[in-house]
Amino acid sequence: MERELTLNAAKLSRFKLNANGEETKQKVVFYVCRACAGEFKLSEVQVDHIEPVGKTPQYQEWVAWGWYIAKMFSPVSNLQVLCKPCHKVKGAEDRHNGYY
């Protein structure tokens with residue numbers, strides 16, 4: 001059974017176009033990136049923590065594995081869909097600011 005979570009993302013469905021530009025009966029699903037608002041296929045997006053998981057040990061004492069795991073499995077309200085390029089940029093910014 002497939003379960004769909006409602007992330008902070010828009011999901012669009014459109015009919016696939018054939019070589020003549022006519023709609024076919026196949027639907028294509030696109031996700032809207034929260035950062036750039038571009039439309040991407042599922043294979044082109046990633047789920048991101050809106051609030052980063054935590055500070056690196058370099059900036060903060062290690063708390064405990066339980067705390068880290070609880071932060072990783074955050075509520076759906078703390079997750080968003082980003083395209084891979086935007087996720088790479090946000091991840092680099094988070095790491096630069098001491099988050100992981």
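Trp-65, Ile-69, Met-72 and Phe-73 make a nonpolar surface patch of about 490 Å². Patches are built from residues with over 30% relative accessible area and no salt bridge; nonpolar side chains (Val, Leu, Ile, Met, Phe, Trp, Tyr) are joined within 5 Å, and like charges within 9 Å. Areas come from the Shrake-Rupley method with a 1.4 Å probe, and for residues only the protein chains shown count as cover.

This is a predicted model: local features need pLDDT of at least 70, side-chain atom pairs count only at pLDDT 80 or more, and totals for chains, interfaces and linings use all residues. Residues are numbered from 1 along each chain as its sequence is written, and side-chain values use heavy atoms, with hydrogens and water left out.

**Overall layout**

- The protein has 2 helices and 5 strands. Both kinds of element are DSSP runs numbered from the N terminus: helices are H or I with at least four residues, strands are E with at least two.
- Along the sequence, the order is β-β-β-β-α-β-α.
- Of the 100 residues in the protein, 27% are buried. Buried means under 20% relative accessible area, exposed means over 50%, and partly exposed lies in between (1.4 Å probe, protein chains only).
- Among contacts with a separation of 6 or more, 57% join residues 24 or more positions apart. A contact means heavy atoms within 4.5 Å.
- The protein exposes about 7,600 Å². Carbon and sulfur atoms supply 55% of that area.

- Trp-65 belongs to helix H1, which covers residues 65-72.
- Trp-65 counts as exposed because its relative accessibility is 56%.
- Trp-67 also lies in helix H1. At 29% relative accessibility, Trp-67 counts as partly exposed.
- Trp-67 and Val-53 are 14 residues apart along the chain. Their C-alpha atoms are separated by 9.7 Å.

**Helix H2: length and sides**

- Helix H2 has 13 residues, 84-96. At 1.5 Å a residue it should span 18 Å, and its end C-alpha atoms are 18 Å apart, which agrees. The expected span is 1.5 Å times one less than the number of residues.
- Cys-86, Lys-90, Gly-91 and Asp-94 are the buried residues in H2. They cover an arc of only 135° around the axis, so they sit on the same side of H2. The arc is taken from the directions from the helix axis to the C-beta atoms.
- Pro-85, Lys-88, Arg-95 and His-96 are exposed on the other side of H2.
- The cover over the buried residues of H2 includes strand S4 (45-49) and strand S5 (79-83).

**Salt bridges**

- The structure holds 2 salt bridges. A salt bridge is a side-chain nitrogen of Lys or Arg within 4 Å of a carboxyl oxygen of Asp or Glu.
- One joins the side chains of Asp-48 and Lys-90, at 3.0 Å from N to O. Asp-48 is in strand S4 and Lys-90 in helix H2, so this pair ties together parts that are 42 residues apart in sequence.
- Asp-48 and Lys-90 are both buried.
- Another joins Asp-94 to Lys-90, with the closest N and O atoms 3.0 Å apart. Both residues lie in helix H2, 4 residues apart, about one turn of the helix.

- Lys-90 is buried because its relative accessible area is 15%.
- Not counting residues up to four places away in sequence, Lys-90 touches Asp-48, His-49, Ile-50, Gln-80 and Leu-82.
- Asp-94 is buried because its relative accessible area is 17%.
- Leaving aside neighbours within four places in sequence, Asp-94 is in contact with Pro-52 and Tyr-99.

**Positive phi values**

- Ala-37 has a phi near 65°, a positive value in a residue other than glycine.
- Ala-37 lies in the loop between strand S2 (23-32) and strand S3 (39-40).
- Ala-37 is exposed, with a relative accessible area of 54%.
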